[in-house]
Each structure stands twice: as structure tokens, then as C-alpha cells.
Amino acid sequence: MDGKYPDFYKGVDISSLPQNREEGMQVRDFDGTAAEPLSLLRKYGVNSVRLRIWKKPENVPESGGYCNLEHTLAMAKEIKAQGMHFLLDFHYSDFWADPSSQRKPKDWEGLGFEELEQAVYEYTKETLLALKQEGAMPDMVQIGNEIRSGLLFPDGELPDYVHMVRLVNAGIRGAREAAGEESMQVMIHLDQGGRYFYLKEWFSQAFAHGLEDFDIIGVSYYPFWHGSFPDLKDTLERLVKDYGKPVIVAETAYAWRRSRNGFIDEVQEKIAGLPASPQGQAKELELMMNIVASLPEEKGLGVYYWEPLCIPQEGKGGWEENMGLLTESGQLTEGIKVFGFTREKLHGTDYAKVYEPHPVVVRPGQPAELPAELAVLCYDGTVIRRKVIWESMPEAETGQADGYWAAGRAEGIQEPVSVYVKIAEGGGEEENLLSDGNWDEGMAQWESESSGEEVLAQIVPEFPEPFPAPPVNALRVEGKKNFSYRISQKVPVARPGRYCLSVEFRGTDTTNVDIRLFARFEEECRETVIHPSEHGWEEYQAEIGVCREGHLTVGIRMQSPPNYGMMRKFGLLWVGDL
């Protein structure tokens with residue numbers, strides 16, 4: 001560590017540590033020895049700790065009263081005693097604040113806007129002065145947590161940039177005045193770290209409306225939500241170029257195992273492109289460190305892992321089940337070793353993974369035309385292409401049930417790759433029971449409802465080759481603020497049996513996005529959770545049984561912070577008897 005600030009931040013958010021300690025958590029080194037958490041983290045290279053602070057969590061029973069000033073002060077003193085850098089994250093709420101929830105503290109609910117603005121200023125300044133008096137002044141502060149949709153709703157909710165910027169500026173002023181002559185950096189933190197178009201719009205609008213100067217741009221990046229690793233690299237490079245400020249990935253994490261009760265499912269694992277395993281978790285962290293450290297002029301300052309100190313507990317599930325850096329016995333996972341990274345250990349041009357090719361479809365009896373090249377991801381986030389040699393290229397045989405796998409290796413890379421060759425089924429297709437599943441008649445055959453004028457739904461045609469083929473229409477739904485949307489169709493069914501609803505979907509994802517494909521018959525409802533990705537269409541299905549003549553109501557419902565989603569190729573087919 002050079003002076004007050006590390007050369008490269010290798011940080012963790014361990015805000016839940018006080019609660020976990022009181023619940024009896026013990027952290028163990030690789031040899032099984034119990035150890036003090038902060039000293040163990042420091043042993044493996046962690047040099048910065050991030051803590052969230054809630055104004056008065058006692059107002060929210062499920063908070064347990066944690067993350068208040070008292071707990072923060074005690075933790076801050078421990079951090080300082082370890083000689084570690086300290087980042088304080090103001091949520092400006094009594095409980096969680098994220099893109100979908102920026103609820104103002106209970107004490108501020110009755111304030112007018114000018115009073116609220118003053119309260120933000122005073123609370124920020126007084127909190128920091130209280131820490132300063134105890135020798136626990138933060139080295140860096142966040143003015144809000146993931147504030148891409150604003151903060152302190154509804155007063156600072158976007159697209160009202162005027163009021164949002166005034167509230168952020170109040171926090172910046174309070175922080176600057178509390179620091180006085182001491183050096184303390186100010187960060188602005190948004191989600192969607194891999195999606196430049198969201199962040200560019202936010203910063204352009206915020207600066208145009210008078211956002212005061214700050215020091216660092218912080219982003220959240222989770223590979224199962226916020227775009228691909230190359231997207232992250234591109235976004236960070238553009239932000240540095242546009243605004244001249246250094247950047248930090250203030251939140252990231254990945255799963256160390258698959259688990260039915262865990263935080264991500266198989267679809268999200270596929271979107272991330274890494275296995276949910278100790279090795280996959282470590283590789284995610286290696287990619288993060290290398291991508292950030294490889295930015296021009298060393299403008300990439302570091303990476304923070306969100307809540308690594310959590311232990312799976314029977315019956316609890318969720319984040320603790322598979323997203324921390326601890327196993328069920330409290331022992332560290334391999335990912336902690338990545339925190340030994342330094343700029344001198346940068347190996348950005350080495351390959352990190354080979355992208356598996358999409359399945360190849362052939363007719364029965366035809367040979368498969370396999371890809372001649374494959375995309376390869378390097379540790380710095382760049383993508384190169386390498387020739388691939390297929391070791392086995394069997395021809396599909398008539399009568400083979402589904403298909404087969406072909407194996408190969410990309411040039412100069414030992415990691416094996418494979419491609420699935422799917423044999424197309426012959427015969428006719430069942431009739432699509434939906435009326436106008438391609439939106440050729442606009443929305444005439446569909447019912448829709450939304451939360452308000454902030455939701456834009458429009459039909460976007462795509463023209464596949466060969467031109468002039470009929471367009472494939474997609475419905476694009478976008479919200480400029482937190483929104484809900486529902487589209488449905490009521491379909492008469494006269495034939496008992498199993499029905500399958502299908503749709504192709506793409507779009508953007510983040511914290512608290514809830515999108516579901518649903519099929520309802522009388523009191524029974526079947527739903528499939530949709531995890532959007534903007535890198536290709538993904539098909540989703542929901543199957544439901546119908547025991548008598550009646551009506552099926554089918555469609556999609558969305559509840560989301562500012563995002564977009566696109567849907568196309570809706571189909572409803574009878575697939576068999578009950």
C-alpha cells in the first residue's frame with residue numbers, strides 16, 4: 001500500500017459481519033484453523049473494506065438493527081487497526097437501497113424537498129464527523145448505492161434529474177465539509193457495469209443538470225445480470241475516456257457451487273459463461289482483476305467482492321448458500337487466493353475461456369457443418385478468434401433420437417470444446433393456438449397493462465434473409481423508471497391435455513428484475529422465470545395441464561427497475577395427453 005491509498009483496491013463488502021459473528025460464524029483457513037476474519041482476509045491480499053450504513057435500521061424489524069452508526073463505528077475501528085483502506089457506502093435509507101428500492105428513511109418521510117435536501121447534507125456531514133472524532137474517518141464514501149434510477153424516492157426518482165442531482169450534491173457537500181483538509185474521495189455508484197448506454201445517459205444527464213465534481217465512478221457488475229466480460233471492458237474504457245475519472249467495480253460476486261436453494265440458477269450460470277464451482281468463482285475474480293487493471297493509464301483502481309463472509313445454513317438458501325467465499329464449514333474457497341493479484345501479475349492477453357459454439361441443426365442423414373473458428377476470451381476482456389480442429393465429425397444417422405456431440409480443440413489451447421449436433425425432427429407442426437403470435441396486426445389480439453406513462457411498448461420488426469422475407473416482429477418494452485407491465489391473451493381450448501407456451505426473450509437484467517412467462521387455467525397457474533440477456537434470443541417454456549374445455553390465459557408479466565426487454569415468437573401448442 002502506497003501511502004493512504006492502495007495502488008490497486010482488492011476489496012470486500014463485509015457489512016453483515018457483525019450479525020454473522022453474533023450468530024456464531026467461525027471463519028477457517030485452508031488447514032481448518034479458525035481465524036479472526038479481518039486478519040485472515042488481509043493475509044490473502046485484501047486491502048480495503050466496504051461497509052454500508054443505514055440511517056435508522058431500528059425502524060425496519062427485519063434489519064435486526066445492524067448497519068447503523070454504532071455498528072459501523074465499531075467495524076471501522078477494526079478496519080483501521082488492520083491498516084486497511086475504508087470505503088463507506090451511504091444508502092440514505094433505513095434498509096436496502098438498490099435500483100428498484102430507494103426508500104427514504106422514516107424520519108424524512110414528511111419533509112418538503114428543501115428540508116429533505118438539507119437533511120441529506122446534515123446527515124452525511126454529521127455521520128462522517130462522528131467517525132472522524134473516533135479516528136475512524138472513511139478514506140472514500142459513496143453518495144448513494146446503485147442510484148441509476150435515482151435515490152430517496154419519490155423526490156429523487158428519475159427521470160427527474162433536477163431533484164435527483166440536488167440531493168446527490170447535498171451529500172457531496174456534506175462529505176467534503178466533513179473531510180475538511182483531510183483527503184477523502186467521493187464515489188458515485190451505479191449498477192449495470194457492462195452496459196455503457198445506461199451509464200452514459202445517466203452521467204450525461206446528471207452533469208447537464210449540475211452534478212458537482214466527484215472523484216471516482218463505481219459500478220456493480222455481476223456477470224449473470226450486467227452483460228458479458230467484454231461488455232464490462234468496453235463500458236469501463238468508454239467511461240474513462242468520456243469523463244477522465246478512474247473507475248472501480250464496487251460490487252461483484254459469483255457462485256462456488258450449484259444449489260437448488262442458491263442465488264443463481266442454471267440459466268444465469270449459462271449467461272455468465274462460467275461454471276458454478278470453486279474454479280469458476282476464482283476465474284470470475286481473475287477476470288475482474290485483470291479487466292480493471294488493464295484499463296489505460298491505470299484508471300482502473302480495483303474490485304470489491306460483495307459479502308464474501310457468509311456460510312450456508314440449512315433451510316436458509318439465498319446468497320449465503322453459494323455466493324460467498326466460505327464453504328459450509330466456514331473454510332475459505334479458492335477464490336480468496338485471487339486477492340493476491342497485483343498490477344505486476346497482470347496476464348490480460350492469456351486466454352481465460354473458449355466460448356462454446358451454439359448447437360448445429362442438421363436433417364436426418366446429412367453431415368454437420370461445424371464452425372471453423374471459435375471465440376476465445378482473454379483475461380483483459382478482449383475476444384480473439386482461433387481456428388478449431390474437430391476430432392470427431394460423425395454423420396447424423398436416420399433414426400437417431402436427438403443428436404450427438406462433436407469434440408475439438410481451438411488452436412494453441414489445451415482446453416477441449418464441444419458442439420451439440422441436433423437432428424431436426426421430421427413431420428408437420430402443431431397449430432399455434434395463439435391469435436397473431438407475431439403481432440402482424442399490432443396489439444389488436446392482445447391485452448396489456450402497465451404502471452404508467454413511463455413504460456414504452458412498441459413493435460420492432462426484424463427482416464431475416466433472404467429479403468424480402470416477412471418480418472419477425474418483436475415487442476420491446478422499456479421503462480425509464482421502476483415499472484410493471486403485463487401482456488396476455490385469453491385462448492379457448494376444447495381439447496384436454498398438456499399445453500406448452502413458448503416465447504423467445506432478450507433484454508437487460510439487474511437486481512430485483514422479475515419477469516415471468518405464465519399460463520393460467522382456472523385456479524392453476526404455471527410460471528417460468530425469465531433471465532434476460534442481450535446477447536442472443538433465449539427460448540422459455542411453461543407447460544400446463546387442461547382437464548376440460550375452457551380458456552387459457554397466457555402471457556408475460558414484468559416488474560423491474562429501469563431496463564428493457566424484447567419478446568417474440570409466442571406460441572401455444574397442444575403437446576400430449578394428460
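In which hand of crossing does H4 pass H5? In this predicted model, the crossing of H4 past H5 is right-handed. Helix H4 covers residues 113–133 and helix H5 residues 161–179; their axes come within 8 Å and cross at roughly 25 degrees. Angles under 35 degrees count as roughly parallel, and H4 is therefore roughly parallel to H5.

The contact between the two helices involves residues on both sides. From H4, the residues taking part include Phe-113, Leu-116, Val-120, Tyr-121, Leu-128 and Leu-129. Sorted by class, the contact of H4 with H5 has 11 nonpolar, 4 polar and 7 charged residues.

One runs from Phe-153 to Pro-154, with omega near 0 degrees; Pro-154 is placed in the loop between strand S7 (150–151) and strand S8 (156–157). Another joins Leu-158 and Pro-159, where omega is about 20 degrees. Pro-159 belongs to the loop between S8 and H5.

The buried residues of H7 are Phe-229, Asp-231, Leu-232, Lys-233, Thr-235, Leu-236, Leu-239, Val-240 and Tyr-243. They are covered by elements including helix H6 (196–208), helix H8 (266–272) and helix H9 (278–293), together with strands S10 (216–220), S11 (247–252) and S15 (373–378).

Glu-146 has a phi near 50 degrees and lies in the loop between strand S6 (140–143) and S7. With a relative accessibility of 3%, Glu-146 counts as buried, because buried means under 20%. For Lys-569, phi is near 55 degrees, and the residue is part of strand S28 (residues 564–576). Lys-569 is partly exposed, at a relative accessible area of 41%.

A further loop residue is Asn-47, located between helix H2 (37–43) and strand S4 (48–53). Asn-47 is buried, with a relative accessible area of 13%. Asn-47 and Gly-11 are 36 residues apart in sequence, while their C-alpha atoms are 6.0 Å apart in space.

Terms used: Residues are numbered from 1 along each chain as its sequence is written. This is a predicted model: local features need pLDDT of at least 70, side-chain atom pairs count only at pLDDT 80 or more; totals for chains, interfaces and linings use all residues. Side-chain values use heavy atoms; hydrogens and water are left out. Buried means under 20% relative accessible area, exposed over 50%, partly exposed in between (1.4 Å probe, protein chains only). Helices (H or I, at least four residues) and strands (E, at least two) are DSSP runs, numbered from the N terminus. Contact means heavy atoms within 4.5 Å. Axes are lines fitted to C-alpha atoms, for helices over the stretch in contact, and angles run from 0 to 180 degrees between N-to-C directions. Angles under 35 degrees count as roughly parallel, over 145 as roughly antiparallel, 65 to 115 as roughly perpendicular and the rest as oblique. A crossing is left-handed if the near helix is turned anticlockwise from the far one by less than a right angle, and right-handed if clockwise. Ala, Val, Leu, Ile, Met, Phe, Trp, Tyr, Cys and Pro count as nonpolar, Asp, Glu, Lys and Arg as charged, and the others, Gly among them, as polar.
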